[in-house]
Amino acid sequence: MSDLDFSITDLRCEYLVDPLGIDETTPRLSWRMESERRGARQTAWRITVASRPEALVSGGPDLWDSGRVDDDRSTHVVYAGRPLRSRETCFWCVEVWDENGARRSSAPAFWTMGLLAPTDWQARWVATDPVVFARDPDSIAPSWTQPGTPGLFRKAFALPGESRVRRAVLYATARGLLDLRANGARIGEDLFAPEWTDYHTRIHFRTYDVTALLTPGSNVLAATLGDGWWSGYVGWQETRGRYGSLENSLMLQLEVDLDDGTRVVIGTDRSWECFTGPIVTSDFMMGETYDARRERIGWDRPGLALVDTWARAREVAAPNAALVAQRSEPVRITETITPVSRTEIAPGVFIYDLGQNITGWIRLKMRGLPAGTRLVLRHGERLSPDGTLYTENLRRARSTDVYVARGDPEESWQPHFTFHGFQYLELTGHPGTPPDDAVLGCVIHSATPPAGHFECSHAGVNRLWLNGLWSQRDNFLTVPTDCPQRDERLGWMGDAQVFIRTATCNMDVAAFFTKWMVDVEDAQTPDGLFPDVAPRIDETSNFVGLDDLCGGAGWADAGVIIPWTIWRVYGDTRIIERHWDAMVAWLDYLERTNPDGLRTRDLRNNYGDWLCIPTDTSFRTHSPMKNLLATAYWADDAAKLAQMAQALGRDADAARFRAMFERVREAFRSEFVLPDGRLSVETQTAYLLALAFDLLPEDVRASAAGHLVADIRDLGWHLSTGFIGISHLNPVLTLTGHVDVAYRLLLQETYPSWLYPVSHGATTIWERWNGWTHADGFFNPHMNSFNHYSLGSVGEWLFRHVAGIECDPKNPGFQRFVLKPYIGPGLDFASATYRTAFGTISSHWRKAGDALVWDVRVPANCRAEVWIPAAPDTQPRLDGLEAIDRDDHFVRCHAEAGSYRFETTLP
């Protein structure tokens with residue numbers, strides 16, 4: 001592409017690339033203009049959508065032709081063509097005109113529609129006939145204490161030999177998890193499909209194009225069905241079957257269109273055969289046992305002569321829940337990792353170190369093992385002082401896989417329906433020394449696309465950012481879990497809301513949180529309480545001492561914070577439209593139960609500033625700090641709803657929630673704010689919330705910030721915040737004029753600090769500051785995860801304030817944005833890239849003494865407000881831009897698309 005040219009790329013439908021089987025009948029379309037030319041911008045666009053790709057260029061689009069539209073939008077353009085029907089394939093492209101009148105067209109993209117109505121499903125729900133357990137003496141029938149035995153299902157069918165397969169689509173759903181095959185080949189790359197939802201309300205279906213896997217003549221469609229969230233262990237429960245059943249079931253519908261115009265439909269029913277297979281047991285928490293001697297050779301291919309041990313599948317009642325398409329990226333293997341070391345710590349006991357704490361499993365490669373050799377794989381995040389595997393913090397999760405060898409010259413295997421959080425592997429049972437390539441780590445998570453990268457002159461800070469990214473990858477697995485290793489792995493709302501802004505900097509999480517917000521609303525109570533975890537758990541647990549998990553201050557508020565953040569970062573108003581009533585119901589509940597404007601009543605589980613120093617982990621106790629936190633979040637929720645109401649054109653609602661904010665803020669001031677700017681509750685987080693949520697009178701803000709700094713100084717320049725305060729700590733310090741303190745906290749290496757775990761080998765973010773210390777070793781294993789992202793929410797500050805890539809406060813979505821780095825002591829350079837829906841923003845600064853060189857890039861069709869650090873009475877080199885105004889610290893300019901270099905003298 002020449003300097004004067006541009007291209008149109010990255011076509012998306014509902015945030016996804018060429019999605020299959022969506023059920024959004026008015027999908028939103030997005031694209032990106034690419035150009036290195038300064039000032040490059042879109043002035044008009046035209047979208048065409050057709051049922052055949054050739055119709056896009058000849059014959060006219062038969063689904064939609066938008067005509068030329070004169071504006072610069074390139075995201076969230078709503079399809080407005082003919083009403084869409086089940087199964088349709090929609091090919092589309094976009095033409096764009098630039099500021100010079102030049103026109104370019106994109107390559108075509110597509111999306112397909114899923115089954116939109118219940119009557120589109122001809123298949124039946126089927127389950128394993130219990131007779132197969134009696135016919136297989138080596139099998140283990142499901143029980144309340146033993147993970148279930150995944151079952152095999154198959155259907156042999158014939159396609160006319162004289163007709164070519166034009167298109168073949170498989171629609172698949174289950175109460176449980178599926179591993180799908182056709183004619184011996186795996187279908188797709190998805191793992192753990194269908195993904196976790198509240199099965200009482202909705203169940204996902206997935207759509208797969210299997211055209212290339214079918215042939216004229218004999219074919220076989222096959223599935224392995226496992227437990228997963230439906231019937232396996234979930235959270236800390238002592239029994240399986242949280243959703244009321246231990247029986248897994250599936251429904252598959254294969255639709256084959258032949259070139260003669262006929263359609264063949266193969267659906268699950270009583271004609272399918274079922275039997276047990278080599279997966280003896282499999283469970284997320286407990287692990288998987290696989291006996292390769294039990295493999296049914298050829299079971300997923302044509303030509304298998306079935307013996308009388310196989311049985312007919314049993315039709316079962318359909319669920320009351322709605323079948324819906326998955327709206328987010330699937331879980332997949334995204335990376336493999338070769339161990340960095342192997343140590344034989346005792347005869348036959350081998351410890352492998354992957355060098356990185358991951359979520360996933362081990363892929364084994366073995367040679368010459370005698371049949372029946374039993375390999376045991378145990379997983380852990382850390383090693384004990386004596387070099388053995390540390391597993392106490394896993395609690396009830398066994399996290400143990402077992403492979404029983406078949407006896408072939410070469411064998412390879414990886415689990416199917418389990419995952420583990422681990423850096424270290426203990427392998428036992430191998431005769432002699434395993435081959436050098438016996439173990440490979442597979443990284444598994446929701447395949448959200450990368451978005452940002454951060455790097456600076458301090459190696460420890462680089463590792464800190466990377467640890468946050470790894471904890472995000474490891475925990476964003478169908479829902480934003482708290483941890484991937486112990487018997488919990490729940491979608492905790494508080495963790496998600498404090499980290500979501502960092503998450504958006506690291507990866508494109510728009511589709512991921514769009515899906516999860518449906519889980520959140522599904523979990524809302526009739527009274528309007530948002531849950532503390534989503535999907536919700538409807539029980540009291542004696543194990544952790546929690547009441548019904550809903551309404552927790554700082555946790556339930558995620559029901560407002562998540563949609564607000566997705567709107568601000570991605571410019572997405574649909575997410576706030578769709579969850580508007582749910583958010584209003586939550587605010588109505590708060591107002592109804594706390595008429596005096598202080599949230600002190602019906603606080604449910606009150607976590608406070610979870611795991612702050614000193615920490616208070618009593619869920620049911622009340623304290624002034626917890627009341628302050630709850631009231632502050634109520635005020636902030638109201639402020640956010642007022643902003644969202646304005647964006648939706650709901651003027652009356654905007655006025656109502658502005659008034660609610662003012663009323664709660666006044667109650668907060670009366671209860672907690674002293675005349676000199678002190679708070680009656682003096683903790684770092686109390687000051688942070690009061691400052692971040694604009695709850696203080698303007699004339700005492702500086703004083704309050706000073707008290708915050710004094711607290712940090714009195715603690716030897718250490719932080720003491722927990723989950724709630726940590727994301728606000730450095731941003732508030734920076735924006736109140738204490739950037740030097742923020743940098744000092746960032747670079748602090750003694751306990752407690754961000755870099756203390758880094759300096760002691762952490763490769764992910766720890767759950768608690770004292771997960772391990774020199775003085776005390778490991779903290780109580782009852783609650784001590786080494787892979788929790790919450791305390792890594794400093795990542796947003798690295799992007800937003802160190803690199804200076806920030807949202808425009810008046811224009812959501814990053815088509816308009818701010819570049820404003822705050823340069824502090826201790827770093828010689830910082831560099832960040834951030835890929836938005838419009839293109840990649842970059843910011844790289846390097847200083848030498850007082851001199852600063854800053855390189856930035858503004859993507860095509862974007863505009864930035866650039867704040868160039870500059871000492872008073874100095875004139876920075878503006879690379880062709882004009883100064884709009886200046887203060888004692890910055891010169892402000894407007895920059896169109898393009899790359900710029902600024903040279904300046906620091907204040």
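Select Phe454 first. Leaving out residues up to four places away in sequence, Phe454 touches Val461, Asn462, Trp465, Leu798, Phe799, Val802, Ala830, Ser831 and Ala832; contact means heavy atoms within 4.5 Å. This is a predicted model, in which local features need pLDDT of at least 70, side-chain atom pairs count only at pLDDT 80 or more, and totals for chains, interfaces and linings use all residues. Residues are numbered from 1 along each chain as its sequence is written, and side-chain values use heavy atoms, with hydrogens and water left out.

Together with Phe454, they touch the most other members of the largest nonpolar core, which has 209 residues. A nonpolar core is a set of buried Ala, Val, Leu, Ile, Met, Phe, Trp, Tyr and Cys residues joined through side-chain atoms within 4.5 Å. Buried means under 20% relative accessible area, exposed over 50%, and partly exposed in between, with a 1.4 Å probe and protein chains only. Helix α9 (residues 624–647) gives the most to this core, with 14 residues. Helices (H or I, at least four residues) and strands (E, at least two) are DSSP runs, numbered from the N terminus. For a second, separate core of 38 residues, select Ala168, Tyr208, Val220 and Ile266, which are included in it.

Go back to helix α9 and pick Asn627, which lies in it. Is Asn627 buried or exposed? Its relative accessibility is 16%, so Asn627 counts as buried. Beyond residues up to four places away in sequence, Asn627 touches Arg599, Thr600, Leu603, His622 and Phe672.

Now select residues 493–506, helix α4, and residues 510–522, helix α5. Their axes come within 13 Å and cross at roughly 145 degrees; axes are lines fitted to C-alpha atoms, for helices over the stretch in contact, and angles run from 0 to 180 degrees between N-to-C directions. Met493, Ala496 and Ile500 in α4 meet Phe513, Trp516 and Val520 in α5.

The last stop is Tyr424, in strand β32 (residues 420–428). Tyr424 counts as buried because its relative accessibility is 13%.
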